[in-house]
Amino acid sequence: MRRQLRSRRAPAFPYGYRYRLDDQDEVNQNYLADEEEEAEEEAQVMTVPGLEEEEEEEEGKEEEEEREEEGQGQPTGNAWRRKLQIVTEYLWDPEKRMSLARTGLILVIYFFFYASLAAVITLFLYMLFLTISPYMPTFTEQVKPPGVMIRPFAHSLNFNFNVSEPETWQHYVISLNGFLQGYNDSLQEEMNVDCPPGQYFIQDGDEDEDKKACQFKRSFLKNCSGLEDPTFGYSTGQPCILLKMNRIVGFRPELGDPVKVSCKVQKGDENDIRSINYYPESASFDLRYYPYYGKLTHVNYTSPLVAMHFTDVVKNQAVPVQCQLKGKGIINDVINDRFVGRIVFTLNIET
Amino acid sequence: MEPGKEKGTATPREQNQSPRPNLKPVTMNKNLRKKKKKDLEELKKEVDMDDHKLTLDELSAKYSVDLTRGHSLKDAQEILFINGPNSLTPPPSIPNWVKFCKQMFGGFSLLLWTGAFLCFLAYSINLRYNEKADKDNLYLGIVLSAVVLITGCFSYYQESKSSKIMESFKNMVPQQALVIRDGERMQINVKDVVLGDLVEVKGGDQVPADIRVISAQGCKVDNSSLTGESEPQSRCPDCTHENPLETRNIIFFSTNCVEGTARGIVISTGDNTVMGRIASLTSGLTMGQTPIAVEIEHFIHLITAVAVFLGVTFFFLSLILGYGWLDAVIFLIGIIVANVPEGLLATVTVCLTLTAKRMARKNCLVKNLEAVETLGSTSTICSDKTGTLTQNRMTVAHLWFDKTVYEADTSEEQTTGKTFPKSSDTWFYLARIAGLCNRADFKPHQESVPVAKRATTGDASESALLKFIEQSYNSVNEMREKNPKVAEIPFNSTNKYQMSIHLLEDNPQAHMLMMKGAPEKILDFCTSFMLNGQEFPMDEEMKVDFQNAYLELGGMGERVLGFCYLNLPSNFSKGFQFNTDELNFPMESLCFVGLISMIDPPRTAVPDAVGKCRNAGIKVIMVTGDHPITAKAIAKSVGIISEANETAEEMAARLNIPVSQLNTKSIKAIVVHGSELKDMDSNQLDHILKTYKEIVFARTSPQQKLIIVEGCQRLGAIVAVTGDGVNDSPALKKADIGIAMGITGSDVSKQAADMILLDDNFASIVTGVEEGRLIFDNLKKSIAYTLTSNIPEITPFLMFIILSIPLPLGTITILCIDLGTDMVPAISLAYESPESDIMKRLPRNPKTDNLVNHRLIGMAYGQIGMIQALAGFFTYFVILAENGFKPLDLLGIRLYWDDARLNDLEDSYGQQWTYEQRKVMEFTCQTSFFISIVIVQWADLIICKTRRNSLFKQGMKNKVLLFGIFEETMLAAILSYTPGMDVALRMYPLKINWWFCAIPYSALIFIYDEGRKLIIRRRPGGWLEKETYY
């Protein structure tokens, strides 16, 4: 009976939300039980017609109003009253026995639930930071063996330029100049110490102590320093390319056997490159630049560089060049990673 | 019964009202449908037949057949060629490729196909603009397509396997028919019988077609499967009724000939037979979806809506955030893959299959996999009486002699041990009369079979007496040999008695006249009665006692027979020629001995089963073609009408007031006669179905059964119907779950049903209900378990887009979870034992108690899933932090991280990473995220074991579940540590301690949920229960 009345009334109040929400209270009720109830009610109605009103009153005040309105059909229940009713129904819908307040409560509960979850993850992350040293990464094997990168690097590893058209190589020069600003002799002398070559620059002491860095002056690069030839050889078709090894905290090359760089034609005629000059002349990264202590304490650390000066390369054709690191503990033939211990680029110098 | 008329009244209902729209796609085109509809109309019309009115000559002319020699072989061949074989066309089955396509494109498949399509699209766009396109999208597209194909094939295979069970029922025994062709009798296959064939049918045969009888000797047929009449009907060549169904000169296809022989002409074959028409009508009825199908569809819609909403939202969000179109499409793919529980539908299928197997072991054979659950949702069972509730075997129930009513043992196994004073001399006389004045006999070669189960020839009542005497007195055959029969008058409906005269073994010269029959008729013959072996003259007191006893036994719905005898005087001694036509011997002043009453007794297990159904909140309604009194008696004895309740008539009789003055409110039981039902409109029927708790419908026709089922469905009930006859099959088809009888059931009813009770026992239904409810609960758990891992699958993508962190979980890894590690544990929940007595709660309300409701989603997505996501992210952050990337530095790093040309990306320590090194790092994190999900899914699995009880109460007895935990862990380890996985799936080995990062979260999940359940148990009906009990 109750359900029938509801459905009869439903079209008069087509609020979307009523249909969206499930009927909470009836979930575990059985419709048979409902039927029984309904049947009983119906039986009562048939014998004592007045009972229905009482039943209705139990259901809630709004409903009674509603019933009166419908039953009497008087226009006195004007639009204003109806609006009020809609608002009250929105806040407390007796038919669904569901109210906005309750939906709100659920939101509040979920808010607190998520707040406590946030507290939990914050706590856990805090504990994580307690176990992690800010100076030394816990594991470094993922970043070893060291990768290799070259400068100038814009977007690709293809060096295409025409010697007679400065605009084709100008950006390499700008890039290199910018990169080498940090290597200016004056800056290096001011910030860093001149430490003895050929041996590790080990700085014992507390972990949190600031570490000193060894000088790597721009002038070490000689012809590729841009000091004598501000175009780094590009204007003459003898480009300089700087090579650096990726920094790894704690990495030390083999003692007495610094990491060397050697370049050759990757595929094709080896005579395409007739001569390369390396600066520093040893074509190696001196041991004094190792180990690296991490950026928190080793603030002014300057990565060592090796400059390759391709003084005599075949012109007007693409020459693939592979530069490899050589030394003990260096891997330069990983198949998946073409930047570990080596780098491949092409030179295509037009005249 | 006038089936034609009733069919007429039923027709408009079936057209206008289909309580639930058929949601299944109809693939036929319009014209075909129209034609089919027209056919259905024709089927519903009255059986139009005039062959029974024709004379033999006309018949011979009509079918151009010689009535003694039959068809010639050549003619028969031709007719067979023209009319086709004499067999029922199986109901139109959906072609296999349509079923296959439904599996391919139904459910989540469409969403996954979209994902795959987007993958290929992304790949081809990539291919077009970049020379070296990333093959990842191509692979993912292939994998997604493969997933859809494989899960689709799997579901299809499962479904076809369960439908194959049914095929074993077909052609179980190739029936043979005896036809006369070219004057020669020959055994041929029933399907080769043609129109006009001259056929001979004898006792025990199944009738091969609709046959007009041309000659018959004592032929009786059992029409019960067609009309519901349980009495065998005699058949003769004369037309006795206008209505072909009532006339005696037609025997119908697939009914059984009980005794005698008949010869006749085949007047219709195959689908044109009366049986064939009902079968076609049945297969024309539309069937609604099963409740579980509705639930799964609801659930799929829900998940699809979430997936599409999230996908589209983030697609546009990522465009707004400045990602490219291609990126946005890839995000969309990821979100779709993460949202769709790919393995879930397969899991559900497996769970249902497992239950179907378990039920088959308990004699419930499920034809349609989805019907497994339907019994669990059932709220009303409309049960046929004969054969389901009862043994379908007349048995002696009561005896009345020496002025006392004695109860006989009616149980199936003769175990109740009820006895009566066998020493009484009256019993000796009664037993002799019952055994000798009896034409029934045991069929030969049954010595090893228990007496109660032996097959007999003859009338049901006589067989009952025969078995009863054999069991409780002596061997009847021996008795008959010693007391040979010299004369008899067989029973007929005008006499209403049967008489036989025997020579007596103890006095071989004397004859004894024995008589049995309708009690009032018998009493008229008697002038004396027997009490404790002594004859006394009949007096008023005895007559009153007799009346009372007769009423008492009759009121129990039993068929009562009276017994009397007469010692013939010496002038009728041995050698006297008795003439039964002219009665040259006295047949009056007999001595009344007693009454024996018989009933088709309920099966032993039925009252218990009905009680269980009651407890489980299931309304059991009896719908039978039998008489109201018998129906009521059986209803009372099995508890369909409980002891406490009485019908209006009974109450009126007790209070001695007219029925109209009763307070109808207190009456909960009613017996509705078919003729009353005929005059009711649907409102009145609804009123009856709603008002009364205990209902018996008696004398109902097949169409009325259909109406009752529809009435219940209209009230929102999920209705199970049991039945065995062809007349039940429309109702079986219409019901949410039709249950046919495996032994006595007709093929048509089995065809229409969803489930077959192999042992014909109503008690098996209770098993079905139990299993159905259990699987519903367990499916909820299984789905809750599977859905939970969706959140840790989706959130990585969302965080990837919003926070621009390296992708924490890849699509391939998601598939590894959904189709790998989650599968076995989810299936193992199907083996979970019930938490409480599921047979003591009410059936679920299909409107509100959904398989997947917002509480389940809230729990899985909103609560447990979130904790799981935290576990995953925590592990992810731990690994990155330990390797140099601290969480705060990761925010916004995505653009650089995913730049393949950037090979010196700095981490939090100033170290520089190549692209490939970063990617290895990223995939290691994804592996660890995956492992973390596996670890938190342990806890999820354990909490999903119960919905209310504590784990400590439920225990860890589910071995499959333990295996599931082991299996998922092993699988995770294999995926992580097997060499080559880095290339194949981009999964990398983890350090052991990274496995432990998620364990605190596992514990958190467990503690949280145990706490939640504790509160739910402590405060039943409380707020938390309403919000989180799924």
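Author: Apart from residues up to four places away in sequence, Thr813(B) touches Gln926(B), Phe930(B) and Met987(B), where contact means heavy atoms within 4.5 Å. Thr813(B) lies in helix H30 of chain B, residues 811–821; helices (H or I, at least four residues) and strands (E, at least two) are DSSP runs, numbered from the N terminus. Thr813(B) has a relative accessible area of 5%, so it counts as buried; buried means under 20%, exposed over 50% and partly exposed in between, with a 1.4 Å probe and protein chains only.

This is a predicted model, in which local features need pLDDT of at least 70 and side-chain atom pairs count only at pLDDT 80 or more, while totals for chains, interfaces and linings use all residues. Residues are numbered from 1 along each chain as its sequence is written, chains are lettered from A and ligands numbered from 1 in the order in which they are written, and side-chain values use heavy atoms, with hydrogens and water left out.

Cys219(B), in strand E4 (residues 210–222) of chain B, is buried as well, because its relative accessible area is 1%. Leaving aside neighbours within four places in sequence, Cys219(B) is in contact with several residues, including Gln233(B), Arg235(B), Cys257(B) and Ala262(B). Between Cys219(B) and Lys74(B) there are 31 Å in space, C-alpha to C-alpha, and 145 residues in sequence.

In chain A, Asp210(A) sits in the loop between helix H9 (185–191) and strand E5 (240–245). With a relative accessible area of 60%, Asp210(A) is exposed.
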